[in-house]
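User: Hi, I'm new to this one. Could you walk me through it?
Analyst: Happy to! Let's bring it up first.

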Amino acid sequence: MSITRYQPGKRMSQAVVHGNTVYLAGQVATDYNGTIEKQTTEVLAAIDKLLADAGSSKSKLLFCQVVLNNIADFAAMNSVYDAWVDPANPPARAAIEARLAHPALKVEIIAVAALD
């Protein structure tokens, strides 16, 4: 079974396809100064792009893990996430609070999807 890597770097690939599954690395915003809503919007757009590049879409999401640097941002993050997620095909999801790679980052989302 082949493995395809998308945007491979020195340390990691942004997405890896193995079999009929695409695994996304944790996505974070590039605008560290944005609000939780802005950062969430940016992260979800990055997920959409990576899924499309790999031949999938958010309707094929199997699992998302949301990491918040402050769990108090949960409702605000959900206000953006809920408008984005395919209501007919919501993935399994977990949300946790943890320190992120940079103190200004508010959200990171890791995702796994099936291929179309």
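**A chat about the fold**

Analyst: Let's start with Q27: leaving out residues up to four places away in sequence, Q27 touches Q14, V43, A46, I47, L50, V107, E108 and I109. Contact here means heavy atoms within 4.5 Å.

User: Where is Q27 placed, and is Q27 buried or exposed?
Analyst: Q27 lies in strand β3. Its relative accessibility is 7%, so Q27 counts as buried. The cut-offs are under 20% relative accessible area for buried, over 50% for exposed, and partly exposed in between (1.4 Å probe, protein chains only).

User: What kind of model am I looking at?
Analyst: This is a predicted model, in which local features need pLDDT of at least 70, side-chain atom pairs count only at pLDDT 80 or more, and totals for chains, interfaces and linings use all residues. Residues are numbered from 1 along each chain as its sequence is written, and side-chain values use heavy atoms, with hydrogens and water left out.

User: Thanks! How many helices and strands does the protein chain have?
Analyst: The protein chain has two helices and six strands. Starting at the N terminus, the order is β-β-β-α-β-α-β-β. These elements are DSSP runs numbered from the N terminus: helices are H or I with at least four residues, and strands are E with at least two.

User: What joins β4 to β6?
Analyst: Seven bridges do, with strand β4 (residues 61-68) and β6 running antiparallel. Here F63 is opposite V112 in β6.

User: How many residues of β6 are buried?
Analyst: Six of the eight residues in β6 (residues 107-114) are buried, so the strand is mostly covered. As background, side chains in a regular strand alternate between the two faces of the sheet.

User: Let's look at A114. What does A114 contact?
Analyst: A114 is in strand β6. Setting aside neighbours within four places in sequence, A114 is in contact with N20, V22, S56, K60 and L62. A114 and S57 are 57 residues apart along the chain, with 8.4 Å between their C-alpha atoms.

User: And the start of the chain? How do β1 and β2 pair?
Analyst: β1 and strand β2 (residues 13-18) pair in the antiparallel sense over five bridges. A hairpin of four residues joins β1 to β2, and R5 stands opposite V16 in β2.

User: What is the phi of Q7?
Analyst: Q7 has a positive phi of about 50 degrees, although Q7 is not a glycine. Q7 belongs to strand β1 (residues 3-8), and with a relative accessible area of 46%, Q7 is partly exposed.

User: Switching to helices: which residues of α2 are buried?
Analyst: In helix α2 (residues 74-84), the buried residues are A76, M77, N78, V80, Y81 and W84. They pack against α1, β4, β5 (92-97) and β6.

User: Where is K38 placed?
Analyst: K38 is in helix α1. Its relative accessible area is 42%, so K38 is partly exposed.

User: How many of the residues count as buried?
Analyst: Of the 116 residues, 39% count as buried. Among contacts with a separation of 6 or more, 70% come from residues 24 or more positions apart.

How values were computed. Two strands pair if DSSP finds at least two bridges between them.
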